[in-house]
Amino acid sequence: MTDIINAIKSSAIKINKAIQTEDTSKAQTENSSGDVQVKLDLISDEIIENEFKKVSSIKEIVSEEKQDINPMHGNGDYLIAYDPLDGSSLIDVDLSVGSIFGIYKDEYSGPNIVAAVYVVYGPRVELVIARDVVELYRLDEEINEFIFQKELRLSEKGKLVGPGGTQKEWYSYHKKMIDEFFADGYRLRYSGGMVPDLHQILLKGGGLFAYPGAGDRPKGKLRKLFEVFPFAFVYNKAGGLAIDGKNDLLDLGIEHIHDTSPCFLGSNYEINRVLKTYSKVKK
Ligand code: AHG
Ligand code: MN
Ligand code: MN
């Protein structure tokens, strides 16, 4: 696993450099989810693939930006699913973006994720590793090394809500639930980048991040393997919860590698409130 973490660290240093120096415009292509790719999505994807090729413990990889699974080393133990540049549509407005990695054993599914790592490219570059515990590292650009900062734990209850999706398309019970959080004094924090939005809620102690199913996207937008399961793993290990409305996200499987799921991640109090609302919903 250390070799994988080191490959992620090297990728992050290179992607950070690319973000600072490369063209931020769109490419002429779409990915498997139908998103228009930016050039940096493709550059980041290639950087990661080249780093992972060198690691013999990796059996295969699958990227949000590629259609299919890419076999690596036949004797490897780990399967890695990654989102090379999350929030890339924010790159041209200079907001924070990230990279997300889910490390799986035997098969790609919620129960089979064994570690998760994400990187935030913000004013500083931070890296979070979730294994038994969740650890925060920060890049020291003078020496090109990630320095351990602290262990991250969620409080029982937070103060922030990040409500994703198209509000016009939200189901009425979802809108009512979000309105009630704000009526209770919660503050809105939503940049449109899953990595910085979830990083903020995690570092500020808790709250709720929601990307629900809605009229325009009944299965939500965020992809299980590349986005939802890795962050569900991080939030669980930090003492929080992660559900699709009714079920634990990490109990779910996939039908297809690019499957999406509604997701609610946060501290215990807020997620229990979501469960109360969603348990009454039929189907
Ligand atoms: P990506 O850039 O990898 O396609 O992911 C973008 C995701 C995620 O970062 C964010 O939470 C969500 O899309 C934002 O969606 P909306 O624009 O619908 O808010
Ligand atoms: Mn993404
Ligand atoms: Mn992406």
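Let's start with one pair of residues: Ile58 stands opposite Tyr78 in strand 5. Strands here are DSSP runs of E with at least two residues, while helices are runs of H or I with at least four residues, and both are numbered from the N terminus. Ile58 and Tyr78 belong to a pairing in which strand 3 and strand 5 run in the parallel sense over 5 bridges. Two strands count as paired if DSSP finds at least two bridges between them.

Before going on, a word about what you're looking at: this is a predicted model, where local features need pLDDT of at least 70, side-chain atom pairs count only at pLDDT 80 or more, and totals for chains, interfaces and linings use all residues. Residues are numbered from 1 along each chain as its sequence is written, chains are lettered from A and ligands numbered from 1 in the order in which they are written, and side-chain values use heavy atoms, with hydrogens and water left out.

Now zoom out to the sheet around that pair. Its 8 strands form an open sheet with mixed pairing, in the order 4-3-5-6-7-8-9-10. Strand 4 (70–71) and strand 10 (145–151) sit at the edges with a single partner strand each, so one side of each has no neighbour in the sheet.

There's another open sheet to find, again with mixed pairing, and this one has 5 strands in the order 12-11-13-15-14. Here the edges are strand 12 (187–188) and strand 14 (241–243); each has a single partner strand, so one side of each is left without a neighbour in the sheet. Look inside it and you'll see strand 13 (residues 207–211) and strand 15 (residues 263–266) paired in the antiparallel sense over 4 bridges, with Ala210 opposite Phe264 in strand 15.

Next, follow the chain to strand 1 (residues 26–30) and strand 2 (residues 36–38), which pair in the antiparallel sense over 2 bridges. Lys26 has Val38 of strand 2 as its bridge partner. The hairpin made by these strands has 5 residues between them, and Gly34 there takes a positive phi near 85°.

How is the chain divided up? The domain assignment, which is automatic or from a database, gives domain 1 (2–151) and domain 2 (160–278). Their contact (heavy atoms within 4.5 Å) takes 43 residues from domain 1 and 29 residues from domain 2. Between them the domains bury about 2600 Å², 68% of it on carbon and sulfur atoms. Buried area is the accessible area (1.4 Å probe) that two parts lose on being put together, summed over both.

What holds charges together here? Side chains of opposite charge can pair when their charged atoms come close. The rule for a salt bridge is a side-chain nitrogen of Lys or Arg within 4 Å of a carboxyl oxygen of Asp or Glu, and by it the count comes to 14 salt bridges. One of them joins Asp45 and Lys66, with the closest N and O atoms 3.1 Å apart. Asp45 lies in helix 2 (residues 39–53) and Lys66 in the loop between strand 3 and strand 4, so the pair ties together parts that are 21 residues apart in sequence. Between domain 1 and domain 2 the count is 2 salt bridges.
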